[in-house]
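Subject: Structure handover

Hello,

My notes on it follow below.

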Amino acid sequence: MVKDIINSAEEKMNKTISVLKKDLASMKAGRANPTILDRVEVEYYGSMVPISQVGNISAPEPRIILIQPWEKSSIKNIEKAILKSDLGLTPSNDGSVIRLIIPELTEETRKNLVKTVKKTGEEAKVAVRSIRRDANDKIKALKKNNEISEDDMKKSEDDIQKKTDNFIKEIDKTIEHKEKEIMSV
């Protein structure tokens, strides 16, 4: 029972890290990274689908993203979706491919991006700590109902704290890596 609580907490913490990494990958750092298009959806035969499902996306140069639609008829819809997104990029097409030129980041833009990265990291830490609190509450409830001993409760809380500390360290490393990426471009 206690193991299930700890495993469940660890699983949730892992998901938090995955979401953080995905969010950070979609932040543009002045370098062409096709993952910035992950959240952009295109109308394709009446339904909304991610751009990656309507064409091939590549980064042939450090500041250019190239989108090659599988069907030329979908170029207009892809352009429309990119313009509507919050990316702030203007697509240009030559009839068969769409090019996105990633602008150089100014110092101010970099600093704002770093603030956003830190805020995102802080939100992930809050989520991990919240998961820890929920797990500890469940373990205390087991102790209150005399389903586990005081020693088992303390040991379980220590296990959860160690896992929490490790996840917090991983979040810090991930944030630090993204900051370096943004500031070094």
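Strands β1 (residues 41–44) and β2 (residues 47–50) run antiparallel and are joined by 4 bridges. Within this pair, Tyr-44 has Ser-47 of β2 as its bridge partner. The two strands make a hairpin with 2 residues between them, and Tyr-45 in that turn has a positive phi of about 50°. Please keep in mind throughout that this is a predicted model.

Next, the sheet. An open sheet is formed by 4 strands in the order β3-β4-β6-β5, with antiparallel pairing. Its edge strands are β3 (55–61) and β5 (92–93), each of which pairs on one side only. Between β3 and β4 (residues 64–69) there are 5 bridges, again in the antiparallel sense. Asn-56 stands opposite Gln-68 of β4.

Now the helices. Two packed helices are described by the angle between their axes and the distance between the axes. I take the pairs in turn.

α1 with α4: helix α1 packs against α4 (residues 150–184) at an angle of about 5°, the axes being 11 Å apart. An angle under 35 degrees counts as roughly parallel, and α1 and α4 are therefore roughly parallel to each other. On the α1 side the contact includes Val-2, Ile-6, Met-13, Ile-17 and Leu-20, as well as Glu-10 and Lys-21. On the α4 side, Ile-160, Phe-167, Ile-171 and Ile-175 are among the residues involved, as are Asp-159, Lys-163 and Glu-170. By class, this contact has 11 nonpolar, 4 polar and 6 charged residues.

α1 with α3: here the angle is about 170° and the axes are 10 Å apart. Since angles over 145 degrees count as roughly antiparallel, α1 is roughly antiparallel to α3. Residues of α1 in this contact include Val-2, Ile-5, Ala-9, Lys-12, Met-13 and Leu-24. From α3 the contributors include Val-117, Gly-121, Ala-124, Val-128, Ile-131, Ala-135 and Leu-142. The contact divides into 14 nonpolar, 3 polar and 4 charged residues.

α3 with α4: these axes come within 10 Å and cross at roughly 170°. α3 and α4 are therefore roughly antiparallel to each other. Their contact holds 15 nonpolar, 6 polar and 13 charged residues.

The largest cavity has a volume of about 50 Å³. Which helices each supply at least two residues of its lining? They are α1 (2–25) and α3 (107–144). The lining is made up of Ile-5, Ser-8, Ala-9, Lys-12, Ile-131, Asp-134, Ala-135 and Lys-138. By class these are 4 nonpolar, 1 polar and 3 charged. Ile-5, Ala-9 and Lys-12 of α1 belong to the lining and also to the contact of α1 with α3. On the α3 side, Ile-131, Ala-135 and Lys-138 likewise line the cavity and take part in that contact.

Regards

Terms used:
Residues numbered from 1 in each chain as written. Predicted model: local features only at pLDDT ≥ 70, side-chain atom pairs only at ≥ 80, totals over all residues. Heavy atoms only, no water. Pairing = 2+ DSSP bridges. 1 Å grid on protein atoms, 1.4 Å probe; cavity = no way out; pocket = protein on both sides within 12 Å on 5 of 7 lines; lining within 4 Å. Points joined across faces, edges and corners; volume = space filled by probe spheres on them. Nonpolar A, V, L, I, M, F, W, Y, C, P; charged D, E, K, R; others polar. Axes fitted to C-alpha atoms, helices over the stretch in contact; angles between N-to-C directions. Parallel < 35°, antiparallel > 145°, perpendicular 65-115°, else oblique. Contact = heavy atoms within 4.5 Å.
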